[in-house]
Amino acid sequence: MASGFGARGGPGRCYQFWLDFQGCMKECEHPSQCFNQKEDYVECLHHKKEFDRMNTIMKEAIRQEKAKRAAEGKSQGMWAWMYD
């Protein structure tokens, strides 16, 4: 990743975040001062916060749909497994 080259020859998708983190590490007195840059770089690589957010939104949508169906007295039919 630190080479800067992506899978298709151009700059890697997270290379700018790496440069920011690397620059911070060169200039700071304590590595803990670069926590935000490191966090941005790791998020760019792994998308953990993005996936956590998507899962939270999906769970809430399912919860609301389940409550709506219960209020209307409808059965959940073939999609019942999704709402359990």
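Me: What makes Cys14 and Cys44 buried or exposed?

Reply: Both Cys14 and Cys44 are buried, which means under 20% relative accessible area, where over 50% is exposed and in between is partly exposed (1.4 Å probe, protein chains only). This is a predicted model, in which local features need pLDDT of at least 70 and side-chain atom pairs count only at pLDDT 80 or more, while totals for chains, interfaces and linings use all residues. Residues are numbered from 1 along each chain as its sequence is written, and side-chain values use heavy atoms, with hydrogens and water left out.

Me: How do you know what Cys14 and Cys44 form?

Reply: Their sulfur atoms are 2.0 Å apart, and a pair of cysteine sulfur atoms within 2.5 Å is a disulfide, so Cys14 and Cys44 form a disulfide. With -90° about the S-S bond, this link is left-handed.

Me: Which residues does a disulfide with S to S 2.0 Å join besides that pair?

Reply: Cys24 and Cys34 are joined by a disulfide, S to S 2.0 Å. The link of Cys24 and Cys34 has -95° about the S-S bond and is left-handed. Cys24 and Cys34 are both buried.

Me: How many disulfides does the rule give?

Reply: The count comes to two disulfides. With bonded cysteines counted along the chain, the pattern is 1-4, 2-3.
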